[in-house]
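Me: Please go through this model with me and set each term that you use against its definition.

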There are 4 protein chains.
Amino acid sequence: MRALAITGEFGVERLQWIALPQERPGPRQVRVRMLAAAINFRDMQVIGGLRQVPTPLVPLSDACAEVVETGEGVTRFKVGDRVMPVFAPGWHSGPQPQGDTLMTLGGPLQGTLREEAVWHEEDVVAAPAFLTDMEAAALPCAAVSAWNALFVAAALRPGDRVLLQGTGGVSLFALQFAKAAGASAVLISSSDEKLEKARALGADVAINYRRRPDWGKAVLDEAGPVDCVVEVGGSGTLEQSILCLKNAGHISFVGFLSGTVPQFDLGEISRKSVRIQGIRVGNRDSFEAMCRAIVSAGIRPAIGATAKFGEARQALANFRDGDHFGKVCLAF
Amino acid sequence: MRALAITGEFGVERLQWIALPQERPGPRQVRVRMLAAAINFRDMQVIGGLRQVPTPLVPLSDACAEVVETGEGVTRFKVGDRVMPVFAPGWHSGPQPQGDTLMTLGGPLQGTLREEAVWHEEDVVAAPAFLTDMEAAALPCAAVSAWNALFVAAALRPGDRVLLQGTGGVSLFALQFAKAAGASAVLISSSDEKLEKARALGADVAINYRRRPDWGKAVLDEAGPVDCVVEVGGSGTLEQSILCLKNAGHISFVGFLSGTVPQFDLGEISRKSVRIQGIRVGNRDSFEAMCRAIVSAGIRPAIGATAKFGEARQALANFRDGDHFGKVCLAF
Amino acid sequence: MRALAITGEFGVERLQWIALPQERPGPRQVRVRMLAAAINFRDMQVIGGLRQVPTPLVPLSDACAEVVETGEGVTRFKVGDRVMPVFAPGWHSGPQPQGDTLMTLGGPLQGTLREEAVWHEEDVVAAPAFLTDMEAAALPCAAVSAWNALFVAAALRPGDRVLLQGTGGVSLFALQFAKAAGASAVLISSSDEKLEKARALGADVAINYRRRPDWGKAVLDEAGPVDCVVEVGGSGTLEQSILCLKNAGHISFVGFLSGTVPQFDLGEISRKSVRIQGIRVGNRDSFEAMCRAIVSAGIRPAIGATAKFGEARQALANFRDGDHFGKVCLAF
Amino acid sequence: MRALAITGEFGVERLQWIALPQERPGPRQVRVRMLAAAINFRDMQVIGGLRQVPTPLVPLSDACAEVVETGEGVTRFKVGDRVMPVFAPGWHSGPQPQGDTLMTLGGPLQGTLREEAVWHEEDVVAAPAFLTDMEAAALPCAAVSAWNALFVAAALRPGDRVLLQGTGGVSLFALQFAKAAGASAVLISSSDEKLEKARALGADVAINYRRRPDWGKAVLDEAGPVDCVVEVGGSGTLEQSILCLKNAGHISFVGFLSGTVPQFDLGEISRKSVRIQGIRVGNRDSFEAMCRAIVSAGIRPAIGATAKFGEARQALANFRDGDHFGKVCLAF
């Protein structure tokens with residue numbers, strides 16, 4: 001069974017193809033054959049050595065896989081079912097568990113960039129039947145984060161206005177979910193071309209933040225104050241986000257692009273009764289509720305680029321260097 | 001200024017046309033000219049003498065009206081604006097206020113079945129521009145109740161499944177709001193004709209509870225367990241509602257059709273961790289949020305019958321005796 | 001290893017002493033030696049055949065036990081630790097899981113009335129060191145239900161007023177927790193002697209409902225309207241509970257004494273915006289939070305009677321027939 | 001009627017004694033005679049010209065006053081009652097209202113540093129009978145902020161651990177409320193003497209942050225991770241607060257000492273699922289619930305210094321320059 005792994009040195013170019021022994025599923029475990037995987041920004045941080053992980057490590061947390069063998073006592077799935085792994089195995093319900101390190105796929109746990117895996121049946125979720133393998137593979141990390149940002153941390157309602165930043169995976173899923181929930185969406189990007197694509201996906205107002213560095217003001221002018229922000233940005237976005245937020249508004253802080261030293265007066269947080277909720281992907285309950293919504297609304301993830309498993313290293317390099325709109329997926 | 005009022009004796013046939021002096025708006029008050037009004041089941045209880053109210057009393061709580069004069073210091077509205085009154089003047093935000101009697105229009109406060117009224121500017125809400133007078137008049141009581149049932153008491157999300165009972169105002173508004181929020185809707189009725197109309201309004205599954213007295217089971221069979229029920233029924237519905245509810249599911253108890261001696265084991269409430277939330281219409285915050293959703297989704301209230309102000313007594317009698325689908329409205 | 005079990009016929013007198021083979025702990029499991037157990041009303045229903053359970057079944061869900069062996073990979077506990085089992089193994093966080101049957105100890109799962117058990121380390125909780133074995137054994141079912149009723153379903157605050165019914169385990173724990181949270185407590189009972197004991201435990205107002213069948217009115221007169229009710233009663237209590245509740249008040253419905261055909265107008269639920277939340281004991285997060293509070297406040301469970309494991313049948317009969325104040329516990 | 005006012009120039013030394021005409025109460029208004037007032041840090045910012053306010057302006061938001069005349073239709077109070085004004089008149093329930101400027105006493109609305117005022121009866125709250133005038137005067141701003149921080153934004157439970165910063169009004173009230181709620185409290189200060197006083201008020205762990213600049217680590221070492229932080233600090237505290245917070249923990253951001261450019265990686269907010277809720281004092285519902293708790297628990301505000309109304313300018317200067325433990329109050 002082949003895998004592409006961090007074997008010691010970090011960096012996309014230093015990933016190594018390794019052979020791993022086939023595992024057998026224990027009680028309540030399933031053995032799966034990977035059908036597709038997807039790349040997240042976080043994976044690039046892991047591969048790049050910006051997060052502490054044990055090595056050798058198989059990166060990536062996203063996949064769609066087929067159950068090929070079931071262990072003793074498995075009742076949730078049968079051979080042939082298509083499943084997706086939960087980002088943090090064991091986190092099924094409720095708030096983020098205590099502990100310094102959340103056990104997540106693709107670091108510190110072994111990830112999905114391999115031909116097979118053995119997972120506990122409680123740690124995988126049924127893939128929506130109408131989605132392709134690659135579309136299903138796109139869901140575990142970015143889509144669950146977006147779902148949590150809008151419907152667990154916040155409680156988006158029809159008629160609410162939500163602000164989305166950029167066209168990464170979380171923002172595009174949030175756009176699709178917000179529209180499915182009857183909310184209106186304002187999206188900012190530095191690219192007119194991407195703004196056009198975002199409009200096609202449902203964005204009601206699209207603002208080029210390069211032309212409007214005071215984009216918080218632009219949001220107020222062109223759309224009005226927002227009820228909810230999905231904050232994914234780095235330095236400087238939080239101030240503008242708060243600027244265009246309603247009093248007692250909500251900010252879901254995914255914030256993976258940070259590094260982040262915001263330079264502004266946090267006093268606005270109390271002056272406007274702002275709520276900021278940090279989002280760490282989400283639990284299995286959220287994943288399953290999201291899948292029901294995806295089926296109900298017929299949402300198809302935006303796929304930006306695809307490659308074969310054997311070309312994974314090149315695909316990762318393209319993801320790092322490139323400028324994609326939608327998820328980058330790998331077919332096995 | 002004319003009004004139709006309960007002057008002592010109860011009953012639709014005993015309502016009397018009376019003349020009232022024109023009032024002038026005080027500080028922060030507006031004088032309005034009624035454009036349209038709408039009838040709720042509750043109004044029939046008031047007129048029928050089933051609720052304790054002072055007399056003489058002008059019934060009805062629903063209206064759309066035009067501001068014709070503004071008092072000192074009015075800033076929220078100007079002459080010519082179309083407004084709707086809030087059901088319980090003074091209740092602007094937060095939970096139902098304390099006190100034995102909630103001060104609501106159409107009893108104990110003077111209602112909307114009159115040509116003019118003077119209201120505090122904080123107690124009226126802007127009517128969505130795209131709605132007709134009668135459509136806007138349909139909103140204050142039933143629509144706000146439905147909104148509260150789904151988005152304040154509960155937090156309906158895309159992909160959730162909601163159960164609606166019958167085709168009264170609350171249920172039809174809840175149907176439209178649930179669909180706008182990306183939820184799927186199961187609706188029960190005793191009439192195939194009404195079920196057909198409900199399907200046209202968006203109901204995903206429609207069940208005739210006369211043919212399926214065990215309709216809770218039918219919901220499970222044809223749709224699956226529901227996340228949320230808008231309970232408006234009388235004797236017997238609550239048991240079936242709980243039967244088809246998910247564990248930890250939610251019931252918004254509007255329950256105005258009751259009289260109600262349910263004959264069943266309440267132990268199911270704890271066995272399934274059911275939450276039941278009583279709904280008393282709602283506050284102004286809810287009304288305004290709902291209007292944003294109505295505008296955003298382009299929702300038009302279902303109007304079942306219309307009449308002129310001068311024919312109000314007959315329209316009330318028809319409402320009482322009849323079998324309408326959608327709100328019954330009066331044009332002034 | 002001995003156990004007292006339902007082997008086919010129901011009824012306390014028909015419980016049989018049986019011998020069970022010793023089990024070895026598998027991966028992440030612990031083998032424990034029972035130190036003490038406690039009886040709940042629910043156990044009497046199971047033993048009495050009022051709940052469907054598989055047989056042979058070892059009843060009881062409550063215990064304090066000592067870890068005597070740890071399986072592979074156990075990290076939460078070590079040999080010698082005192083632990084208590086969670087009522088529903090696997091339910092660690094979040095709302096009650098879906099599924100027709102919640103897997104709980106003492107039916108359908110094997111219970112605690114046996115000398116040893118093997119449990120997953122994630123399904124046991126550390127016993128507070130300052131409690132005796134029997135005090136710790138009293139916690140898993142009744143105390144967690146009371147905790148959930150006040151702090152998960154509701155959010156009791158200092159200065160709130162809570163209504164408690166009777167002197168069963170849930171009500172007495174709720175009394176102690178409410179006082180620890182700075183709330184005031186009104187307790188009703190049919191016995192002046194028990195009311196006196198409840199006062200000693202902290203009850204601020206004590207009402208004999210036999211002398212005041214209109215006890216809802218008595219609560220209003222002697223204490224004022226309450227913010228929260230822990231409803232454990234059967235026929236008739238719910239109506240009086242709602243009567244003395246504030247608008248927008250909360251009722252935690254434990255309701256295990258029901259059988260229950262309430263004879264009253266449920267319309268009060270909407271008129272007062274009442275929230276009713278069914279309580280099915282609770283999850284491990286609640287159990288652990290509760291233990292922190294027990295340690296912090298130095299709360300000792302009220303123990304009403306004790307017996308030896310070998311006298312379990314007699315103790316169960318006494319529980320069924322008797323009139324105890326506080327938990328009935330068994331020492332192994 | 002005398003008042004001390006900002007008449008144009010800012011600064012404590014430039015406050016002017018002015019004479020104001022006596023007002024008469026209009027419908028539902030009460031005329032009150034000030035008995036005592038209290039100073040908040042915010043008042044110093046207003047007086048110092050750091051907040052935009054209209055002039056002439058009577059500063060201060062805190063007071064206890066006696067009703068000396070009631071307008072038409074007043075039912076909540078009668079002549080002789082002792083009342084306290086709500087910080088933001090009109091904000092009675094629910095979240096902070098929309099609008100750029102919250103209308104609050106002491107700027108932009110006329111404040112309490114005057115012998116008389118006329119307020120709407122809905123904008124004052126009954127003073128707890130057992131408190132002195134000065135103790136009651138200490139409540140409207142700092143105490144309501146602390147209450148909101150612990151029981152509205154968060155839901156503190158017995159056994160929870162809360163972190164408090166410094167010994168200003170908000171932190172000391174939060175300390176007293178947290179202890180009344182059965183929580184344990186960790187308090188940091190730069191003064192051993194103040195830490196000693198905080199211990200006397202109930203602090204379980206007291207840490208001198210001057211000796212432990214890494215005080216977040218010290219909190220973990222000496223108390224363990226906290227469930228809730230009442231964040232009042234300026235530059236740098238937020239990072240340490242998050243460091244010692246549990247996963248999914250809560251920070252109530254009062255933050256009035258800021259100016260604030262935090263220098264740290266906000267990514268911790270998402271990594272730990274932190275929730276940050278801005279606190280803008282609070283509504284009347286909160287004020288009244290807090291008063292019930294104060295009565296129930298017998299909480300007496302810590303008074304740090306007192307002066308006479310005629311010495312207000314000196315008292316304000318002392319507040320600005322000084323180093324007090326507890327509220328600084330003025331007697332009229």
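Reply: Two strands are said to pair if DSSP finds at least two bridges between them, strands being DSSP runs (E, at least two residues) and helices likewise (H or I, at least four residues), numbered from the N terminus. This is a predicted model, in which local features need pLDDT of at least 70, side-chain atom pairs count only at pLDDT 80 or more, and totals for chains, interfaces and linings use all residues. Residues are numbered from 1 along each chain as its sequence is written, chains are lettered from A in the order in which they are written, and side-chain values use heavy atoms, with hydrogens and water left out.

Me: What makes β12 and β13 of chain C a pair?

Reply: Four bridges join β12(C) (residues 245–253) to β13(C) (residues 275–278), and the two strands run parallel; the definition asks for at least two. Within this pair, C:Phe253 has C:Gly278 of β13(C) as its bridge partner.

Me: Which strands are the edge strands of the open sheet?

Reply: The open sheet has twelve strands with mixed pairing, running from β10(B) through β13(B) and β13(C) to β10(C). Its edge strands are β10 (205–208) of chain B and β10 (205–208) of chain C, each of which pairs on one side only.
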